Amino acid sequence: MLFSKNKDSTPLGKNLHHEVVEHTQYFITHIAILAAFSLFLSTVEYMIPKPLPFMRIGLANLPIIIGLSIFSLPELLLLTVLKIVGQGLINGTIFSYIFLFSAGGSLGSMLMMYCVYKLLGRFTSFIGISITGAMTSNAIQLLLAHFMLFGSSIWIIAPPFLLMGFITSIFLGIFANVFTRKSRWYADITTRRKIQENSMRKSSGTKGGLNSHAEK
Amino acid sequence: MQKSNLRIVAGLLMIPAFLLQKNLIMMIVQVAFIMVIAVLKGRKIKPVPVLVVLTSVVLMNLLQVNGKVLFTIGSFSVTLGALKIGLDKALTLIGMLYVSQYMVSGRPKLPGKFGQLLSKQFLFFEHIVTSWKRPERGKFIESLDVVLEEMEHIYPDKDSFKSESNILYVKKIEALTETFFVLFMWAGFTVGILDILPVG
């Protein structure tokens, strides 16, 4: 869907096609930028000492939280897949069980955060969305660990695991709130998204709402 | 075959020989061998996370009583079945991690548009790592903005994705070495299933 081409050959169609291609290129570049930022944050997280190696702070999820108010669902999926594959390649875990944990947690939390953002976006800030994402990711990872590693003894590590995810996700959510309020880069990209949505609306005559956080 | 893909193929051929292994002793041998070849290919081994994974997975599995009681510590019984399951799971996790490390040590390139996007992501990542400076107090978001905005002006050379000169092909000696690695893993698997070892 992201790489598809409009084959309308009329002058209006060509213009629209050109505009769509330009916007698509722009957003794909920004997806790659946020995916790279996610890799950088996962490297930072790697350097922070943790009591257990599978404990995660979830810093690398920050670009996905920010991306919720910028990208569409297919674009968010692409960002998440790039994050997962990029991390797997850099850490060398792409063919290991750890990759399965990362993929399950990241995809599940992204989908859950997207649902909460779309359905309850007006009533909740990035803090609530971040907590939802962290709890989903942790629940999926605990479930995988239950079946693959620890068996029923998983309940012993579940409370500190969930508590740590809860606390760090609050800080991530606060940072996402501050970043979306203060960042020039974020303001530019959301303005560009508004322009794209307006031009699409004009050309198709359809109605579509902007993301609530982008409007704020 | 491209050099970057050789280890992916070799690794994929090794994985069944490792995952289907039932003999614990041969499994330890295979894990040690995988770690050695990962180090030979330039990856680093961090002993502390390996030991933490090994002990935590084994200890968690020991909580479930299974099979013959080996010994007791107070009211806690250490059982043979639980110990074997714990070791099997921990060794599988560690072994797969290092197989993965070995497979990506050739810097594999993914094909198609997704592969190009991934290359772009790594180009941007390299830029962040090299240009990121410790931000001034209270100016973290401004510093982040600078780095993010700089990346918008990086245009990867389109031809570099296609250039044939960047592609290195496999030499005979490299192909023979990787074949030896795969054969060693399958030999370990064969010894394991033949049940000729006194323990396991």
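This is a predicted model: local features need pLDDT of at least 70, side-chain atom pairs count only at pLDDT 80 or more; totals for chains, interfaces and linings use all residues.
If you look at how S1(B) is covered, the answer is hardly, since the count of buried residues among its five residues is zero.

H6(B) has twelve residues and reaches 17 Å from its first C-alpha to its last, which is close to the 16 Å expected at 1.5 Å a residue. Leu144(B), Val147(B), Leu148(B) and Met151(B) are the buried ones in this helix. Seen down the axis of H6(B), its buried residues fall within an arc of 95°, and therefore they line one face of the helix.

Now to chain A. Its elements, read from the N terminus on, go α-α-α-α-α-α-α-α, which is to say eight helices and zero strands. Of its 216 residues, 41% count as buried. When we take the contacts in chain A between residues at least 6 apart in sequence, 68% of them join residues at least 24 apart.

How do the two chains meet? In terms of contacts, 35 residues of chain A touch 35 residues of chain B. On the chain A side, at least two residues each come from helices H1 (11-47), H3 (73-91), H4 (97-120), H5 (126-150), H6 (154-182) and H7 (184-204). Of these, H1(A) gives the most to the side that touches chain B, with nine residues. Sorted by class, that side of chain A holds 24 nonpolar, nine polar and two charged residues.

That brings me to the last topic, the nonpolar packing. As general background, nonpolar side chains tend to be buried together in soluble globular proteins. In this model, the largest nonpolar core has 86 residues, and those touching the most other members are Ile31(A), Ala36(A), Ile65(A), Leu79(A) and Val99(B). Which residues does Val99(B) contact, once we leave aside its neighbours within four places in sequence? From chain A there is Phe95(A), and from chain B there are Gly11(B), Met14(B), Ile15(B), Phe18(B) and Ile34(B).

Key: Residues are numbered from 1 along each chain as its sequence is written. Chains are lettered from A and ligands numbered from 1 in the order in which they are written. Helices (H or I, at least four residues) and strands (E, at least two) are DSSP runs, numbered from the N terminus. The expected span of a helix is 1.5 Å times one less than its number of residues. A residue is buried if 20 or more other C-beta atoms lie within 10 Å of its own, exposed if 12 or fewer, and partly exposed in between; C-beta atoms are placed from the backbone. The arc is that of the directions from the helix axis to the C-beta atoms. Two residues are in contact if their C-beta atoms, placed from the backbone, lie within 7 Å. Ala, Val, Leu, Ile, Met, Phe, Trp, Tyr, Cys and Pro count as nonpolar, Asp, Glu, Lys and Arg as charged, and the others, Gly among them, as polar. A nonpolar core is a set of buried Ala, Val, Leu, Ile, Met, Phe, Trp, Tyr and Cys residues joined through C-beta atoms within 7 Å.
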